[in-house]
Amino acid sequence: MTSAVPSIPIGKEGARLPLIGLGTWLSLDEGELRAALKVALDAGYRLIDTAALYGNELVIGDVLHEYFKSGKLTREEVFVTTKLPYSCMEPKAAEESIKKQLATLCFDYVDLFILHHPCAMQHNEQVSKRRSVYYLQLTGAAEFTHQNEIDYLDTWKVLEKYCKSGQLKAIGLSNFNAKQVARVCANAEIKPSDLQVELHIYWPQHELQQFCSKQGMTLTSFASLGSPGRLTFRPDDDWPVGNPMEDTIVVELSKKYNKTPAQILLRHLIQRGISVIPKSTNPSRVLQNIDIFNFEISAEDQQKLLDVKSRVRLFEMRVCGGHAHYPFEDVDLTKKGDSED
């Protein structure tokens with residue numbers, strides 16, 4: 001049984017962004033990812049979010065083409081988001097990466113192509129098809145060099161070129177602050193259609209949402225549930241402490257609505273008009289995460305979630321600390337570095 005997923009307009013060509021999708025960060029096990037994708041597509045997910053850095057575009061493209069060839073779905077029914085790695089922000093490298101990513105997915109176009117980070121970085125270890133940069137971080141093998149001389153505005157021009165050609169239907173940003181987004185908008189021929197950022201009840205991004213709305217941009221949340229998987233990914237990191245799923249208000253509402261804490265958190269953001277991309281390869285959780293369209297959180301209870309006092313940024317991306325374009329002014333860069341989505 002599939003769920004009908006509502007969507008919101010994105011870009012200027014009548015495209016629509018589903019309000020929930022499957023996130024695939026850390027989905028490195030090919031078998032688990034294939035199974036999760038099939039469960040998700042059968043359950044009604046129509047947004048799949050990936051990135052070159054995740055090292056799984058090949059598997060995602062393969063599963064989707066299986067569904068297209070069987071007639072279960074058409075290409076037009078699935079919204080695919082992928083991202084340019086921060087190691088390919090030099091314009092020539094960006095062009096090569098876009099072509100390679102399209103070839104890996106075996107797509108003529110992607111629905112949304114995102115500049116993953118404002119900070120151009122170079123990883124000092126070879127990343128193979130089977131070993132993404134995240135795998136190297138997990139094993140402690142990846143090191144990074146800041147490329148301060150590369151301006152993300154120059155990279156954006158490359159995205160605009162491929163957007164004009166129709167190979168990128170919409171283009172957007174991730175992990176940019178409001179000033180950086182405004183700078184792109186002020187200098188762009190094609191303005192960003194979407195901004196993907198960490199967003200949850202402990203980091204609600206209200207001002208950023210208002211800013212994006214004024215710019216005509218959609219907003220996509222990652223770490224909507226607090227990203228518990230980050231602790232398994234790098235247990236030795238000095239991660240900021242915060243677990244929205246254990247918040248007393250969330251637990252209280254979970255009991256009231258007879259829903260899981262994850263379902264409460266996802267429904268809360270969707271009612272704010274924000275697209276969510278919870279990551280999971282656990283089939284039961286994949287199904288639970290989309291089972292949020294048969295109830296509505298009341299205005300009073302929405303306000304309780306909006307009034308939660310805790311504030312913590314869980315992804316500080318201190319590996320980019322000191323970079324000329326590091327986006328987070330609130331982060332204490334003297335602490336031990338963490339990883340990024």
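**A walk through the predicted model**

Leaving aside neighbours within four places in sequence, Q180 is in contact with P118, Y152, N175, H325, Y326 and P327. The model is a predicted one. Q180 belongs to helix α6, which spans residues 178-187. With a relative accessibility of 7%, Q180 counts as buried.

For I98, setting aside neighbours within four places in sequence, the contacts are L84, F113, V158, L159, Y162 and L168. As a general background, nonpolar side chains in soluble globular proteins tend to be buried together.

The strands come next. Strand β5 covers residues 79-84, and six of its six residues are buried. On one side of the pairing scheme is strand β4 (residues 47-49), which pairs with β5 in the parallel sense over three bridges. Within that pairing, L47 stands opposite F79 of β5. The two strands and helix α2 (residues 57-70) make a right-handed β-α-β unit.

Strand β5 also runs parallel to strand β6 (residues 112-115), to which four bridges join it. Here K83 has I114 in β6 as its bridge partner. A right-handed β-α-β unit is again made, by β5, helix α3 (residues 91-105) and β6.

What about the cysteines? A disulfide is a covalent bond between the sulfur atoms of two cysteines. A search of the whole structure finds zero disulfides. The sulfur of C163 has its closest cysteine sulfur in C185, 14 Å away, and that is too far for a bond. C163 is buried, at a relative accessible area of 16%. C320 is in no disulfide either, and its nearest cysteine sulfur, that of C119, is 4.5 Å away; the cut-off is 2.5 Å. C320 is buried as well, with a relative accessible area of 0%.

The last stop is N294, in the loop between α11 (283-290) and α12 (299-306). Is N294 buried or exposed? N294 is exposed, because its relative accessible area is 54% and the exposed class begins over 50%. Its side chain makes a polar contact of 3.0 Å with the side chain of K259. Another polar contact, of 3.2 Å, joins the side chains of N294 and D291.

Definitions and conventions:
Residues are numbered from 1 along each chain as its sequence is written. This is a predicted model: local features need pLDDT of at least 70, side-chain atom pairs count only at pLDDT 80 or more; totals for chains, interfaces and linings use all residues. Side-chain values use heavy atoms; hydrogens and water are left out. Buried means under 20% relative accessible area, exposed over 50%, partly exposed in between (1.4 Å probe, protein chains only). A polar contact is a pair of N or O atoms within 3.5 Å; within protein, one must be able to donate a hydrogen and the other to accept it, and residues adjacent in sequence count only if both atoms are side-chain atoms. Contact means heavy atoms within 4.5 Å. Two strands pair if DSSP finds at least two bridges between them. A crossover is right-handed if, with the strands pointing away from the viewer, the path from the first strand over the helix to the second runs clockwise.
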